[in-house]
Amino acid sequence: MKKLTRKVAIIGTGLVGSSAAYSIINQGICDELLMVDINKERALGEALDLSHCIDFVHSRTKVRAASYSDLVDVDVAIITAGPPPKPGQTRLDTLGIGAKIMEDIVPQIMASGFNGIFLIASNPVDIITYHVWKLSGLPRNRVIGTGTSLDSSRLKTFLSEILDVDPRSISGYMMGEHGDSQFAVWSHTYVGGKPLLDILEERKEEIGEIDLEQMVDMVRKVGFEILKRKGTTYYGIGSTLAYITKSIFNDDHKIIALSCVLDGEYGETDICTGVPAMITREGIKEIVELRLTEEEQEKFRKSNAVLREYMDSIGYGQKMLAFV
């Protein structure tokens, strides 16, 4: 009989994990939601609080605190555990601690018999996603990071304010590292199907000269602007996790900028980085290879070089890759 219950686990019940859970419950995305944390009392507290939402939302989601052994039949395991960057740090600076956390978490999840999809938000998300892929032994299509999905949303939000258009009418992607080396693919950014670059040229007198590189810099830095003011970000990434999870269960075939393990796409191998990808019930169905300009391809190469430098610090250097 076909499995009918949609089951999600959230590993890490801090602000990001609990925000994702709140979004998932409010949208009725799954039938059962498991909250897992090293701090079992925190997980129980979040589960109890979230369960009290059910009378006020349109569908019933069973919420409970759980342990790793309960994850055997989970469809999507969302990992949010990990430290936020401290003032003056980048996301990459949290890699050492984040990698060790995954080395504790992932084997315990796999020991339960878990055979679902990993969805990772823990930073630095590209390298952590690659690390989870290696630790889990799952196919690359079932280990997914949030990548530049939130960055792409931020880009569209900034553009929508300038152009006075709904951000959902804008199509465009940030690619590469979810961090300081990411870049916008301006050659494939459209508003209602019309190239953005054409619109900016035609409406120059109305909206003025737009510094596109400054806008990209805003996208790169806005997370840290939020962090300075409230300690960390969680609503945006929580909604992102819910959106991706919903797309998985609905078999949407949506194309989202995600952290994907590349195996020849864009001329890159043995790296996880932000690219547009089609998401389905089985995970990543296809990595969409955009025809980048020479300048964009060089930015992508440089961004991936930054990731590889940090990957080396946890044992994924180029010499070692031949043996893993």
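In which helix is Thr245 found? Thr245 is found in helix α9, residues 235-249. Helices here are DSSP runs of H or I with at least four residues, and strands are runs of E with at least two, numbered from the N terminus.

The model is predicted, so local features need pLDDT of at least 70 and side-chain atom pairs count only at pLDDT 80 or more, while totals for chains, interfaces and linings use all residues. Residues are numbered from 1 along each chain as its sequence is written, and side-chain values use heavy atoms, with hydrogens and water left out.

Thr245 has 0% relative accessibility and therefore counts as buried (under 20% relative accessible area; exposed is over 50%, partly exposed in between; 1.4 Å probe, protein chains only). Beyond its neighbours within four places in sequence, Thr245 contacts Val8, Ile29, Val76, Ile78 and Leu119. Contact means heavy atoms within 4.5 Å. Gly172 lies 73 residues from Thr245 in sequence, and their C-alpha atoms are 21 Å apart.

Thr146 sits in the loop between β6 (143-145) and α5. Thr146 is also buried, at 2% relative accessible area. Residues up to four places away in sequence aside, the contacts of Thr146 include Leu119, Ile120, Ala121 and Val125. Ile237, Thr240, Leu241 and Ile244 are also among them, as are Ala257, Leu258 and Ser259.

Just after α5, Asp164 adopts a positive phi of about 55 degrees.
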